[in-house]
Amino acid sequence: MAYMATFHWGWLLASLLLGLAMGWIAVVHRGQGISKSTSRWLALLAAALLAAALARVIPGRPGYWLDLGLMMFALYLAGCAVGSWLRDWVLSRHTPAV
C-alpha cells in the first residue's frame with residue numbers, strides 16, 4: 001500500500017479533491033436518489049470487491065488495479081463527506097439567541 005500511495009499519489013490526490021468538489025456541490029442538487037434495493041446491491045458489490053481485494057483472489061495486474069481503484073474510491077467518499085460537511089459548516093445560518 002505504501003508503494004501504491006508513493007507511486008500513484010497524484011491519482012489519489014485527484015480523487016480526494018474531486019470528492020471534495022462533489023461533496024461541496026452535492027448539497028445544492030435536489031435530484032432523485034437511488035432506491036433502497038439499488039443501494040443494497042451497490043453496497044453488496046462494494047463489499048464483494050473489498051473481500052476479493054483483502055483475500056487476494058484476483059492475482060497480478062488486475063488485482064493491483066482493483067486495490068488502486070478501491071483506494072481511490074475510499075478517498076473519493078472521504079472527500080465527499082468532508083466537502084459536504086465543510087459546505088454545511090460554512091453556509092449554515094446561525095439563529096441569534098433571543
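At 23% relative accessibility, Tyr64 counts as partly exposed (buried means under 20% relative accessible area, exposed over 50%, partly exposed in between, with a 1.4 Å probe and protein chains only). This is a predicted model, in which local features need pLDDT of at least 70 and side-chain atom pairs count only at pLDDT 80 or more, whereas totals for chains, interfaces and linings use all residues. Residues are numbered from 1 along each chain as its sequence is written, and side-chain values use heavy atoms, with hydrogens and water left out.

**View A. The Tyr64 and Trp65 pair.** The structure holds 2 aromatic pairs (rings of Phe, Tyr and Trp, the last by its six-membered ring, with centres within 6.5 Å; planes under 30 degrees apart count as stacked, over 60 as edge-to-face and the rest as tilted). One of them joins Tyr64 and Trp65 edge-to-face, at 5.6 Å centre to centre and with 75° between the planes. Trp65 has a relative accessibility of 44% and therefore counts as partly exposed.

**View B. The Trp85 and Trp89 pair.** The ring centres of Trp85 and Trp89 lie 6.1 Å apart with the planes at 10°, so this pair is stacked. Both residues belong to helix H4, where they are 4 residues apart, about one turn of the helix. Trp85 is exposed because its relative accessibility is 52%, and Trp89 is likewise exposed, with a relative accessible area of 58%.

View C. His8 is found in the loop between helix H1 (2-7) and helix H2 (9-26); helices (H or I, at least four residues) and strands (E, at least two) are DSSP runs, numbered from the N terminus. With a relative accessibility of 7%, His8 counts as buried. Leaving aside residues up to four places away in sequence, His8 touches Tyr64, Trp65 and Leu68 (contact means heavy atoms within 4.5 Å).

**View D. The packing of H2 and H4.** H2 packs with helix H4 (residues 60-91) at an angle of about 35°, and their axes are 6 Å apart; axes are lines fitted to C-alpha atoms, for helices over the stretch in contact, and angles run from 0 to 180 degrees between N-to-C directions. The residues of this contact of H2 with H4 comprise 16 nonpolar, 6 polar and 1 charged (Ala, Val, Leu, Ile, Met, Phe, Trp, Tyr, Cys and Pro count as nonpolar, Asp, Glu, Lys and Arg as charged, and the others, Gly among them, as polar).

View E. Arg56 is placed in the loop between helix H3 (36-54) and H4. Its phi is near 55°, a positive value in a residue other than glycine. Most residues other than glycine have a negative phi. Arg56 counts as exposed, at 63% relative accessibility.

**View F. The setting of the close-ups.** The protein has 4 helices and 0 strands, following the pattern α-α-α-α along the sequence. Of its 98 residues, 16% count as buried. Among contacts with a separation of 6 or more, 76% are between residues 24 or more positions apart.
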